[in-house]
Amino acid sequence: MDIIEKLRDIVGERASAAPAERLCYSSDASMVSGTPDYVVRPLSTAEVSDVVGLAAAEGVPVTARGAGTGLAGGAVAVRGGIVLDLSGMNRILEMDLANLAVVVEPGVVQARLNETLKPHGFFFPPDPGSAAFCTIGGLIANNGSGMRSVKYGTTRNYVLDLEVVLADGSVVRTGSRTLKAAAGYDLTRLFIGSEGTLGVITGAVLRVMPLPKARRLVIASFSSAEEAGQAVAATFAAGIVPSACEILDRTTVAVLRRCDPSLRLPDGDVLLFEVDGSEGAVAEAAAEIAAVCSPTASSVMTASGEKEMEEIWAARRLVGAAVSRLDPTKSRIYVGEDVGVPIKEIPALIREVAEISERFRLPAMKYGHIGDGNLHVALFIDVLDAREWARLEGAADAIHRAAIRLGGTVSSEHGIGAARAEYMAEQLGEGAISVMRAIKRALDPKGIMNPGKLGLDDDYGPPSGGEG
Amino acid sequence: MRMSEERREAGIRAKDEMKIDSRSIELCVRCGTCRSVCPAFEVLGWESRNTRGRIMVAKALREGLAPDTNVLDSLNTCTTCGICAAKCPAGANPPMIVQSARKGLVSQGIMTEAQAGFREKVAGSGNTFGELGDRLGWLSDPGAIKEKADSVYFVGCLDSYRYPEVAAKTFEILRRFGVALLPDEQCCGSPLIRTGSDAGELIDKNLRQIRDMGAKTVITGCAGCLSALKKEYPPEFDVVSVPEFLAGHLAELELRRLDLTVTYHDPCHLGRGSGIYDPPREVIRAICDLVEMKANRENARCCGGGGGVRAGYPDLSLDIARRRLLDVPDGVDAIVSCCPLCIRNLRDSGAGIEVIDLIDLVAMAIDPA
């Protein structure tokens with residue numbers, strides 16, 4: 001029996017080998033591509049277990065995928081095989097708010113979880129730009145985060161327990177519902193950020209937080225991005241922890257205004273500081289931030305209220321893809337887009353990126369979570385111009401190496417996938433890579449779990465299948 | 001799927017004939033925003049059945065992807081509702097890409113049975129139902145047909161043949177303001193254009209009559225016709241929707257207040273397609289209470305009927321309609337809309353609540369108590 005028939009025995013019509021379907025699952029939002037041989041849309045852990053068991057028996061790669069919004073090719077089947085589309089496993093199974101916990105399937109979309117939690121007065125803090133469409137499974141597998149990580153941390157801070165289908169099809173749980181546990185290796189964290197290379201996440205117990213009573217947004221503009229970076233360092237040095245701290249350079253501000261002319265954003269390179277907590281605390285923190293920024297800022301203002309704040313955040317979330325609004329011949333290409341450095345190195349990083357942008361003659365938007373050292377560099381090119389593609393590659397490489405040189409990371413929240421695998425050894429060192437390889441071999445001896453990712457399995461695993 | 005024999009032998013000349021603007025395809029960065037709003041995808045779940053997937057398919061067709069059944073289903077399950085375009089951060093216009101891809105395939109004789117059906121019916125009858133009866137059968141007073149008029153009422157296939165009472169009620173009001181009818185109205189062309197066929201002949205026939213009448217304004221109560229008249233016809237005349245016309249004449253209509261609470265469904269081609277959100281609401285509020293649907297105005301969800309989906313994928317179409325009904329607020333007496341296709345689809349999906357045309361509501365408010 002063909003593999004497709006065996007897959008249909010497990011999931012019925014929710015398995016496909018049609019060329020159009022394989023094509024549509026051949027990429028995510030990155031430039032990485034690889035065509036799977038089969039696409040399967042399981043609806044239960046049992047189905048995932050059976051599919052992975054079959055893949056193990058047949059020696060076929062399995063790549064888990066949520067909404068396919070990743071920016072590093074993590075969900076792309078670069079060696080062919082089966083893509084498991086988990087976005088149909090999208091139930092919120094339990095709201096256990098007395099234990100500050102919710103139980104979800106991996107395909108639940110982040111925004112839907114927060115819409116469900118809001119009336120109960122709780123929220124799940126990791127808040128990526130793609131919140132309206134990315135899945136919780138993808139967030140966990142990439143340790144995603146977003147705008148509020150400066151105060152709330154990343155996804156790893158909010159996962160208590162995972163259900164995982166291992167490479168042989170067996171199912172394990174990694175943690176417990178307790179808010180803390182001291183019971184051996186932290187398997188939950190091992191799977192967080194593992195990008196599907198060790199197993200498939202089929203369920204999660206998440207920790208949720210009470211919604212803050214108040215939020216306030218301070219908007220400060222500066223004459224240079226570097227000066228803005230210095231103001232961020234000064235704010236932290238003053239002992240203030242904002243709930244979000246974002247930079248929008250002048251190009252980004254122009255794009256945002258083009259998308260929504262009614263947005264009240266000042267000229268220049270802009271910092272957005274959000275503070276949350278009680279009414280009194282936010283008023284005090286907002287005043288302190290204004291005082292720290294005032295000596296160097298060209299303007300400091302506060303958003304008029306919840307509505308204006310939401311409008312600015314909504315625009316900010318989607319700015320990554322919006323550069324075409326400024327110039328329809330330019331497209332934003334997601335490479336070199338997620339570097340991070342220690343906070344005090346931010347001005348240096350901004351300086352280097354500006355120099356790289358000039359050297360490669362590529363315009364760049366710089367924006368991102370400057371409060372946690374994560375700078376999103378948006379390079380944009382005319383995709384119909386081959387010379388611009390070549391320069392783009394060089395610029396992305398230079399940005400990655402600059403981040404490593406400054407003691408930082410090539411990815412802060414988007415993941416390594418296939419797009420950044422080549423930098424793993426340079427960033428982590430051979431020692432750490434060897435430990436990761438040993439873990440990978442122990443849990444996935446046949447090398448079928450999302451092969452070709454994280455730079456861990458170049459020397460083993462099944463041969464490339466299909467057109468992957 | 002239909003494919004003529006010689007086409008099969010000649011192979012697909014997709015690359016040459018898929019005339020889709022590269023720029024518009026390259027605007028898509030596959031971010032996935034559209035994935036969260038595509039109504040067909042919500043039901044079907046396959047990546048090829050959402051906007052991002054359809055753009056990938058359209059692009060691959062230009063590069064030689066064989067247009068098999070799955071490709072046709074990918075492209076033809078799009079209702080062209082345009083919510084993806086409204087949400088796309090990069091400013092892409094996916095419905096246009098889908099329409100161009102359909103057109104490229106149809107021009108090579110590659111189409112679904114439903115697409116072929118539209119062509120045959122319209123070619124044989126001038127309407128989408130293949131009806132051979134009198135298009136003005138609903139008109140009780142043939143004397144109403146005039147040779148010259150500043151404004152004409154473009155009835156549309158659906159109201160002409162399926163909802164003649166709506167056509168009659170609409171014309172009853174419009175004729176008070178001197179609005180006339182075209183003597184031999186044909187399908188506006190929208191169903192053909194949406195499904196990839198050429199509508200030039202229909203457009204010419206309608207255009208000739210509009211010119212002969214000397215009409216400066218064309219008024220229609222169908223969102224699909226409105227969109228076609230505005231975007232596919234030369235800009236020689238003003239195109240006005242019935243809700244805009246009514247909102248502009250509220251004082252003269254002398255509407256009485258009704259003890260009703262209704263909700264309003266924004267038709268995609270009236271709202272997102274033509275930016276007409278307020279006029280129908282003004283008319284409703286002049287008559288009774290209005291409670292908005294959960295998703296409304298530019299965020300309104302599709303009824304599932306458009307883009308040839310009702311004809312080609314009836315189960316999908318009704319599934320989308322049922323999901324739209326989940327947006328209906330509690331305690332309303334009726335759903336009001338301004339497009340016969342939306343009304344039909346919402347009714348057929350088992351709304352469990354009355355679905356009426358705005359003109360029905362207005363007629364109730366005009367009738368003496």
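Residues are numbered from 1 along each chain as its sequence is written, and chains are lettered from A and ligands numbered from 1 in the order in which they are written. Because the model is predicted, local features need pLDDT of at least 70 and side-chain atom pairs count only at pLDDT 80 or more, whereas totals for chains, interfaces and linings use all residues.

**Stop 1: the four-stranded sheet of chain A**

Select strands β1 to β4 of chain A, which form an open sheet of mixed pairing in the order β1-β2-β4-β3. Strands (E, at least two residues) and helices (H or I, at least four) are DSSP runs, numbered from the N terminus. Two strands pair if DSSP finds at least two bridges between them. At the edges are β1 (15–16) and β3 (62–65) of chain A, each pairing on one side only. Next, display β2 (residues 38–40) and β4 (residues 82–85) of chain A: these strands run parallel and are joined by three bridges. To locate one of these bridges, pick Y38(A), whose bridge partner in β4(A) is I82(A).

α1(A) lies across β1 and β2 of chain A and runs at about 5° to β2(A). Angles run from 0 to 180 degrees between N-to-C directions, and axes are lines fitted to C-alpha atoms, for helices over the stretch in contact. Two residues are in contact if their C-beta atoms, placed from the backbone, lie within 7 Å.

**Stop 2: α1 against α3 in chain A**

Keep α1 (residues 3–11) and α3 (residues 45–58) of chain A in view; they pack at an angle of about 160°, with their axes 9 Å apart. Show I3(A), K6(A), L7(A), I10(A) and V11(A) of α1(A), which meet E47(A), D50(A), V51(A), L54(A) and E58(A) of α3(A). By class, this contact of α1(A) with α3(A) has six nonpolar, no polar and four charged residues. Here Ala, Val, Leu, Ile, Met, Phe, Trp, Tyr, Cys and Pro count as nonpolar, Asp, Glu, Lys and Arg as charged, and the others, Gly among them, as polar.

**Stop 3: α8 against α12 in chain A**

Move to α8 (residues 225–237) and α12 (residues 346–359) of chain A, whose axes come within 8 Å and cross at roughly 165°. That makes α8(A) roughly antiparallel to α12(A). On α8(A), select A225(A), E226(A), G229(A), Q230(A), V232(A) and A233(A); they meet I346(A), P347(A), I350(A) and R351(A) in α12(A). The contact of α8(A) with α12(A) divides into six nonpolar, two polar and two charged residues.

**Stop 4: the domains of chain A**

Colour domain 1 (92–210) and domain 2 (214–405) of chain A separately; such bounds come from an automatic or database domain assignment. The C-alpha centres of these domains of chain A lie 27 Å apart. Seven residues of domain 1 and 12 residues of domain 2 take part in their contact.

**Stop 5: chain B**

The assignment for chain B gives domain 1 (5–111), domain 2 (142–247) and domain 3 (250–366). Between domain 1 and domain 3 of chain B, the centres taken over C-alpha atoms are separated by 29 Å. In contact there are 14 residues of domain 1 and 17 residues of domain 3 of chain B.

Then select α11 (residues 164–174) and α21 (residues 358–366) of chain B, whose axes come within 9 Å and cross at roughly 55°. α11(B) and α21(B) are therefore oblique to each other. V166(B), K169(B), T170(B) and I173(B) in α11(B) meet I359(B), D360(B), V362(B) and A363(B) in α21(B).

**Stop 6: where chain A meets chain B**

Finally, display both chains: their contact takes 30 residues from chain A and 28 residues from chain B. On the chain A side, α2 (19–24) and β16 (331–333) are the elements that give two or more residues. α2(A) gives the most, with five residues. By class, the chain A side divides into 17 nonpolar, eight polar and five charged residues.

Technical notes
Angles under 35 degrees count as roughly parallel, over 145 as roughly antiparallel, 65 to 115 as roughly perpendicular and the rest as oblique.
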